[in-house]
Amino acid sequence: MHPGTGQQHPISLYLKIWGLLFVLSAMSYLVDYLHLQGLLRWGLILTFMLLKAGLIVAVFMHMAWERLSLVYAILVPPLALLVFVGLMAAEAGHTLLSRLLFFG
């Protein structure tokens, strides 16, 4: 592709995304300011984190305009790792419970 022939995105799109990232960050800090605790706290923090990361990847890394196969090639491996980590965490809990039950 020659310089100057690429697709141009309006600056307003980037400003709107920047504003949305600012709002999501403020909401993330509000979780701490309101002293939320437990699963609600961590659920909100992780939700805001994933939303911000998704916006950054989609817009600023131009993934929203890429072919679906490229998006799958980039997103599926980390998602598979998250599934495997979840499975390992469940197995670790089961193993700990078994050890405490039979040996503790």
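## The salt bridge

A salt bridge here is a side-chain nitrogen of Lys or Arg within 4 Å of a carboxyl oxygen of Asp or Glu. This predicted model holds one salt bridge. Its partners are Asp 32 and Arg 41, whose side chains meet at 2.7 Å, N to O. Side chains of opposite charge can pair when their charged atoms come close.

How exposed are the two partners? Asp 32 is partly exposed, at 36% relative accessible area, while Arg 41 counts as buried at 18%. For the cut-offs, buried is under 20% relative accessible area, exposed is over 50%, and partly exposed is in between (1.4 Å probe, protein chains only).

## The nonpolar core

Now for the greasy part. A nonpolar core is a set of buried Ala, Val, Leu, Ile, Met, Phe, Trp, Tyr and Cys residues joined through side-chain atoms within 4.5 Å. The largest one has nine residues: Tyr 14, Ile 17, Leu 21, Leu 24, Val 31, Ile 45, Phe 48, Leu 55 and Val 59. Two or more of these residues come from each of α1 (11–33) and α2 (38–60), with α1 giving the largest share, five residues. Helices are DSSP runs (H or I, at least four residues), numbered from the N terminus.

## Trp 42

Trp 42 lies in helix α2 and is partly exposed, at 49% relative accessibility. Trp 42 and Ser 28 sit 14 residues apart in sequence and 10 Å apart in space, C-alpha to C-alpha.

## About the numbers

Residues are numbered from 1 along each chain as its sequence is written, and side-chain values use heavy atoms, with hydrogens and water left out. As the model is predicted, local features need pLDDT of at least 70 and side-chain atom pairs count only at pLDDT 80 or more, whereas totals for chains, interfaces and linings use all residues.
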